Amino acid sequence: MFNEKDIITRILNKDFKAFELLVRQYERLVFFVINRLVHDQQDKEDICQEVFIKIHKNLYRFEFKSKLSTWIARIAYLTAINHIKFSKQERLSEYTEDIDQYYFTDENPEHTMIKKDTVNYLNDLIQKMPLQYRTVITLYHLNEFSCAEIEEITGIPEGTVKSYLFRARKLLKNKIEKDLKKKKYERIR
């Protein structure tokens, strides 16, 4: 059983084995948050290391006002966002807020489904979403954080988180329906 208070106390007392336990406990969470935001594999690895360095340096500031996983996810999120801002690989302003004006690629869904299974197809769709939608849908559905925890992690107001979740789900639903109709039409021809 992972006892957060015990592990944190041990880490603050310079027990490096305890920090290894913390890394093992949360490395998947950190990578998962970063993986959805950053595309380059080397950057992902570098950011993960940077996150755990920040955690180690700032652990004394953790006050148990939230879950440790929420605090760590926030550090991962902010570190990834800072990386994106500074590398200029992707900007939040590149995406339109008007959901009806946003389109995915018109790649043939049959080829997509042949190449990938359903999970990979959905992951691909999520990767193509605007950053803010991709972030909240990942944290909510895949990391199982509540809307309040997502607000704490990202700084996005809870109402906006709910709005982004609604829009992201609508985008996914519309794209999947469009692909299924296209696939059905191609079969008829």
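Buried means under 20% relative accessible area, exposed means over 50%, and partly exposed lies in between, computed with a 1.4 Å probe on protein chains only. Phe 64 is partly exposed, with a relative accessible area of 35%.

This is a predicted model, in which local features need pLDDT of at least 70 and side-chain atom pairs count only at pLDDT 80 or more, while totals for chains, interfaces and linings use all residues. Residues are numbered from 1 along each chain as its sequence is written, and side-chain values use heavy atoms, with hydrogens and water left out.

**Whole chain**

Show the chain as a cartoon. There are nine helices and zero strands; helices are DSSP runs of H or I with at least four residues, strands are E runs of at least two, and both are numbered from the N terminus. Of the 189 residues, 42% count as buried.

**Phe 62, Phe 64 and Trp 71**

Select these three side chains next. Ring pairs link Phe 62, Phe 64 and Trp 71 into a cluster. Rings of Phe, Tyr and Trp (its six-membered ring) pair if their centres lie within 6.5 Å; planes under 30 degrees apart count as stacked, over 60 as edge-to-face and the rest as tilted. By this rule the structure has four aromatic pairs. Phe 62 counts as buried because its relative accessibility is 7%.

Lys 5 lies over the face of Phe 64, 5.3 Å from the ring centre. A charge sits over a ring if NZ of Lys or CZ of Arg is within 6 Å of the ring centre and within 35 degrees of the ring normal.

**Tyr 133 and Tyr 164**

Move to the next ring pair. At 1% relative accessibility Tyr 133 is buried, and Tyr 164 is buried at 14%. Tyr 133 and Tyr 164 form an edge-to-face pair, 5.4 Å centre to centre with 65° between the planes. The pair links distant parts of the chain: Tyr 133 is in helix H7 and Tyr 164 in helix H9 (residues 158–188), 31 residues apart.

**Helix H4**

Select residues 68–87, which make up helix H4, and find Thr 79 there. Thr 79 is buried, at 3% relative accessibility. Which backbone oxygen does the side chain of Thr 79 reach? That of Ile 75, at 2.7 Å.

Arg 74 is also found in helix H4. Arg 74 is partly exposed, with a relative accessible area of 29%. Now show Ile 153: Arg 74 and Ile 153 are 79 residues apart in sequence and 4.0 Å apart in space, C-alpha to C-alpha.

**The second largest cavity**

On a 1 Å grid over the protein atoms alone, a cavity is a set of points where a 1.4 Å probe fits but cannot get out, and lining residues have an atom within 4 Å of a point. A search of the whole structure finds two cavities of 30 Å³ or more.

Helix H2 (16–37) and helix H7 (131–142) each supply at least two residues of the lining. The largest share, four residues, comes from H7.

Note on methods: 1 Å grid on protein atoms, 1.4 Å probe; cavity = no way out; pocket = protein on both sides within 12 Å on 5 of 7 lines; lining within 4 Å. Points joined across faces, edges and corners; volume = space filled by probe spheres on them. Polar contact = N/O pair within 3.5 Å; in protein donor to acceptor, adjacent residues only side chain to side chain.
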